[in-house]
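The following note sets out several points for a student who is reading this structure for the first time. Please keep the sequence and the model in view while working through them.

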Amino acid sequence: MKKILIVEDDTNINNLLQEALSKAGYSCEQAFSGTEAKLLLNMPEHKVKQQGYKTYLF
């Protein structure tokens, strides 16, 4: 299962994205600020390999 970190400060949009992506089969985590996202990504269980890692900004 692919994991997605949703970073969006608007709670309604963040929750909507989480619901839609979860229904589509993704494992989602939510962050409500860039700082929170950085903290999550620096946790050992969230370390990712640079190779093949994609970042999408909207």
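1. In which helix do E19 and K23 both lie, and how many residues apart are they? Both belong to helix α1, which covers residues 11–23. They are four residues apart, a spacing of about one turn of the helix. The model under discussion is a predicted one.

2. The side chains of E19 and K23 form a salt bridge, with a distance of 3.3 Å from N to O. A search of the whole structure finds one salt bridge. With regard to accessibility, E19 is partly exposed, because its relative accessible area of 43% falls between the cut-offs of 20% and 50%. K23, at 69% relative accessibility, is over 50% and therefore counts as exposed.

3. The overall plan of the chain may be considered next. The chain contains two helices and two strands.

4. How do strands β1 and β2 pair, in the parallel or the antiparallel sense? Strand β1 (residues 3–7) and strand β2 (residues 27–31) pair in the parallel sense, and five bridges connect them. The path of the chain leads from β1 through α1 to β2, and this β-α-β crossover is right-handed. Within the pairing, I4 has C28 of β2 opposite it. As background for viewing the strands, side chains in a regular strand alternate between the two faces of the sheet.

5. The loop between β1 and α1 contains D10. This residue is partly exposed, because its relative accessible area is 33%, which lies between 20% and 50%. D10 and S33 are 23 residues apart along the chain, and their C-alpha atoms are separated by 9.3 Å.

6. Helix α2 comprises residues 34–41, and T35 has its place there. K38 also lies in helix α2. T35 has a relative accessible area of 55%, which is over 50%, so it is classed as exposed. K38 is likewise exposed, because its value is 57% and thus over 50%.

7. The C-alpha atoms of T35 and V7 are separated by 9.8 Å, although the two residues are 28 apart along the chain. For K38 and V7, which are 31 residues apart along the chain, the C-alpha separation is 10.0 Å.

8. How much of the chain counts as buried? Of its 58 residues, 12% are in that class. The accessible surface of the chain comes to about 5100 Å², and carbon and sulfur atoms account for 56% of this area. Among contacts between residues at least 6 apart in sequence, 41% join residues that are at least 24 apart.

9. A final point concerns confidence. The average pLDDT of the chain is 83, and 78% of the residues score at least 70. In the chain, confidence is highest in α1, with a mean of 97, and lowest in α2, with a mean of 88. Where pLDDT is low, the predicted coordinates should not be read in detail.

Note on methods: Residues are numbered from 1 along each chain as its sequence is written. This is a predicted model: local features need pLDDT of at least 70, side-chain atom pairs count only at pLDDT 80 or more; totals for chains, interfaces and linings use all residues. Side-chain values use heavy atoms; hydrogens and water are left out. A salt bridge is a side-chain nitrogen of Lys or Arg within 4 Å of a carboxyl oxygen of Asp or Glu. Buried means under 20% relative accessible area, exposed over 50%, partly exposed in between (1.4 Å probe, protein chains only). pLDDT is the predictor's confidence in each residue, from 0 to 100. Two strands pair if DSSP finds at least two bridges between them. A crossover is right-handed if, with the strands pointing away from the viewer, the path from the first strand over the helix to the second runs clockwise. Contact means heavy atoms within 4.5 Å. Accessible areas come from the Shrake-Rupley method with a 1.4 Å probe; for residues, only the protein chains shown count as cover.
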